Amino acid sequence: MNKGVWLVALGLAVLGAPAIAAAGETHKVSIVKTSPKYGETIPSLKGLVVEIVFSTPMDPATQNDVSMDQRGAVDERGEPIEFDGTYTWVNPTTLRFAPKGTLKPDSVYQVTVWSAKAKDGSELDGVPYRLPFSTAGAK
């Protein structure tokens, strides 16, 4: 290594500059934005689009570990009833889910990200991630 480069690198370490990750190291992924927001009450029962924005480009297979259900609504086996819908990657960090059908008024729903992996192999911190939101009363 060139002595000048070594001194610069050493000087940055001494000055407290952030360390550069070595090849193969991964970091934790986070969710930086959602729509609807956590705990938000949405006025419309039709046309909902849930959007989840991750901190880093994601593996598209992540969508297989995302689900939406109505809290308290269960099938005959006591399992949550999940919504069918369409998943779309808007860009490498943004996943959209458009549930089929109409939501019920005055109800609480939840989107759950059970696991998520970035393209670099890093994983979502704090899984499962749950995004509750509710619907307003019918007008």
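Ring pairs link Phe83, Tyr109 and Phe133 into a cluster. The model discussed here is predicted.

User: How many aromatic pairs are there by the ring-centre rule?

Analyst: Rings count as a pair if their centres lie within 6.5 Å. By this rule there are four aromatic pairs. In one of them, Phe54 and Trp89 have ring centres 6.2 Å apart and planes at 35 degrees, so this pair is tilted.

User: Which parts of the chain does the pair of Phe54 and Trp89 tie together?

Analyst: Phe54 lies in strand S3 (residues 50–54) and Trp89 in strand S6 (residues 85–91), so the contact ties together parts that are 35 residues apart in sequence.

User: What is the geometry of the pair formed by Phe83 and Tyr109?

Analyst: Planes over 60 degrees apart count as edge-to-face. The planes of Phe83 and Tyr109 are at 65 degrees, with ring centres 5.6 Å apart, so the pair is edge-to-face. Phe83 sits in the loop between strand S5 (80–82) and S6, and Tyr109 in strand S8 (residues 108–113), so this pair ties together parts 26 residues apart in sequence. Both Phe83 and Tyr109 are buried.

User: Turning to the sheet, what is the order of its four strands?

Analyst: Strands of a sheet pair through backbone hydrogen bonds, either parallel or antiparallel. Here an open sheet of four strands has the order S1-S3-S7-S6, and the pairing is antiparallel. Strand S1 (31–35) and S6 are the edge strands, each pairing on one side only. From one strand to the next, the twist averages 15 degrees.

User: How many bridges join S3 to S1, and how many join S3 to S7?

Analyst: S1 and S3 pair in the antiparallel sense over four bridges. Among the residue partners, Ile31 is bridged to Phe54 of S3, and Thr34 to Ile52 of S3. Four bridges also join S3 to strand S7 (residues 94–99), again antiparallel. Ile52 has Leu95 as its bridge partner in S7.

User: Why is S3 described as largely enclosed by the rest of the structure?

Analyst: Five of the five residues of S3 are buried, so the strand is largely enclosed by the rest of the structure. Val50, Ile52 and Phe54 point one way from S3, while Glu51 and Val53 point the other way, and all are buried.

Conventions
Residues numbered from 1 in each chain as written. Predicted model: local features only at pLDDT ≥ 70, side-chain atom pairs only at ≥ 80, totals over all residues. Heavy atoms only, no water. Phe/Tyr/Trp six-rings, centres within 6.5 Å; stacked < 30°, edge-to-face > 60°. Helix = DSSP H or I, 4+ residues; strand = E, 2+ residues; numbered from the N terminus. Buried < 20%, exposed > 50% of the residue type's maximum accessible area, 1.4 Å probe, protein only. Pairing = 2+ DSSP bridges. Axes fitted to C-alpha atoms, helices over the stretch in contact; angles between N-to-C directions.
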